[in-house]
Amino acid sequence: MGPLRSVVLAGGGTGGHIYPLLAFADCLRRHDPGVRITCLGTPKGMENELIPPHGYDLRQIPAYQLPRSVNMNLVRTPGRMWTAARAAGKVIDEVQADAVVGFGGYVSVPAYLAAWRRELPMVIHEVNVPPGVANRLGMKFTKNVAVGFPHQPSQAESLRDATVVGVPLRRSIAALDRYALRNAARAHFGLRPDLPVLFVAGGSSGARSINLAVSGAAKELARNGVQVLHVMGARNEPVPIPTDLPVPYVTLPYLSEMELGYAAADLMLARGGAMTCAEVAAIGLPTIYVPYPHSNQEQKRNALPVVEAGGGVLVDDAELTPDWLERTVIPLIRDPQRLYAMGAAAAAYGRRDGDEALRSFVIQAVVR
């Protein structure tokens, strides 16, 4: 019997919390098919769509949005927070958890409080700077903090003593050989094998500016032999793409098998979400990053280190125009040597073993 017989995983709301949780759960199960994995979620979160199809037990508990500032009054006052913590505690007791591992999102807070009250080993995994409010609260109860990227401890005082483990990635991505899968991936999307591919995916929201810029550049890209695989985002209004283009321009509302998009691509155009940055760096895919502008700039902070390492290009959302894309993408995507060098630089910065490194970190926290 290993030290992890039963683990409670908490993380919800967005894919940025749920995908690392799922990758970590898969890693635990690979090492020990008998380990009990219980995931906590809320009735409204994206976890309801993502976790059960992967075969993991999802327990719903109430969770509430937190104020943006974190202090002890926050946890002392609201009765409903303790109601949620009691619900999380019931699950923890029922499954006889050895540890709680949280990935952020409001559902993590009750799990952290319940673990703290039981003096149960607790590990927090954080991918953003500054840390999310739920994880900032959790850090008041544990020193076991793991982060996804090497720049985080130097950029946030609260993460100064954190351990860099990388980001747990799905095996389909962590084990991806882009070059081996390239022709099959292009055939899957109806793309030609002999012409370069720009893969565009701005996320489910906040990508309209990207969609408009790329569609505006479509004719010039096609005239220069650049194929486009464009994931519009399920929550975005589709933008019109010119017809009668001389090379394929494939649009999709959503793509669940991102590894196929990555494999088909020579170059990517994306936002700077933590998961995107972790995935494209790990697989060595050169990327033009357009950080989401209406935020606290965490996407720019995510993308900047890999760009500084030589693995990508950074452009402000306001500067992303069809003309900028034509001037930047066409010479870059037609320069295989530069693309290869960028890909190698990205891969040297990224890492594929975040799931294994986090598992080792959690085991250390449990046996300590």
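# A guided tour of the predicted model

Begin at T14, which is found in the loop between β1 (6-10) and α1 (15-31). The coordinates on display belong to a predicted model. T14 is partly exposed, because its relative accessible area is 41%.

**The annotated positions**

Next, select T14, G15, G16, N128, R170, S204 and Q299 together; UniProt, in an unreviewed entry, places the feature "binding site" at these positions. Is G15 buried or exposed? G15 counts as buried, because its relative accessibility is 12%, and the cut-off for buried is under 20%. Display the surroundings of G15: apart from neighbours within four places in sequence, G15 is in contact with P20, M46 and M275.

**The two domains**

Now colour the chain by domain. Domain 1 takes in 6-169 + 352-367, and domain 2 takes in 172-349. The C-alpha centres of domain 1 and domain 2 are 30 Å apart. To view the interface, select the 16 residues of domain 1 that are in contact with 17 residues of domain 2. The size of an interface is often given as the accessible area lost when the parts come together. Here domain 1 and domain 2 bury about 1,400 Å² between them, with 61% of it on carbon and sulfur atoms. On the domain 1 side, select F149, L169 and R352, which lose the most area to domain 2 and together make up 45% of what that side buries. How many salt bridges does the rule find across the interface of domain 1 and domain 2? The rule finds 0 salt bridges there.

**Helix α16**

Select residues 354-367, which form helix α16. The 14 residues of this helix should span 20 Å at 1.5 Å a residue, and the end C-alpha atoms of α16 are 20 Å apart, so the two values agree. Within α16, show the side of the helix that is covered: G354, D355, A357, L358, F361, V362, I363 and A365 are buried. An α-helix has 3.6 residues a turn, so residues three or four places apart point the same way. Which elements cover the buried residues of α16? The covering elements include α1, β4 (99-102), β5 (122-126), β6 (145-147), β7 (163-164) and α8 (171-174).

**Salt bridges elsewhere in the chain**

Side chains of opposite charge can pair when their charged atoms come close. The structure holds 18 salt bridges, and three further stops show individual pairs.

Select E94 and R36, whose side chains meet in a salt bridge at 4.0 Å, N to O. This pair links distant parts of the chain, as E94 is in helix α4 (residues 79-94) and R36 is in strand β2 (residues 36-41), 58 residues apart. E94 is partly exposed, because its relative accessible area is 47%. R36 likewise counts as partly exposed, at 37% relative accessibility.

Go on to D266 and R182, whose side chains meet in a salt bridge at 3.6 Å, N to O. D266 lies in the loop between α11 (258-264) and β11 (267-270), while R182 lies in helix α9 (residues 178-189), so the pair ties together parts that are 84 residues apart in sequence. D266 is buried, with a relative accessible area of 13%, and R182 is buried, with a relative accessible area of 16%.

Then select D317 and R271, which form a salt bridge with their closest N and O atoms 2.9 Å apart. D317 lies in the loop between β13 (312-314) and α14 (322-333), and R271 lies in the loop between β11 and α12 (274-283), so this pair ties together parts that are 46 residues apart in sequence. D317 is buried, with a relative accessible area of 17%, and R271 counts as buried at 6% relative accessibility.

**Last stop: L181**

Return to helix α9 and select L181, which lies in it. L181 is partly exposed, because its relative accessible area is 27%. Which residues touch L181, leaving aside neighbours within four places in sequence? L181 is in contact with L176, L260 and A263. Draw a distance between the C-alpha atoms of L181 and L260: the two atoms are separated by 7.9 Å, and the residues are 79 residues apart along the chain.

Methods:
Residues numbered from 1 in each chain as written. Predicted model: local features only at pLDDT ≥ 70, side-chain atom pairs only at ≥ 80, totals over all residues. Heavy atoms only, no water. UniProt positions renumbered as here; feature names shortened; annotations may be inferred. Helix = DSSP H or I, 4+ residues; strand = E, 2+ residues; numbered from the N terminus. Buried < 20%, exposed > 50% of the residue type's maximum accessible area, 1.4 Å probe, protein only. Contact = heavy atoms within 4.5 Å. Expected span 1.5 Å × (residues − 1). Domains from an automatic or database assignment. Buried area = accessible area lost by both parts, 1.4 Å probe.
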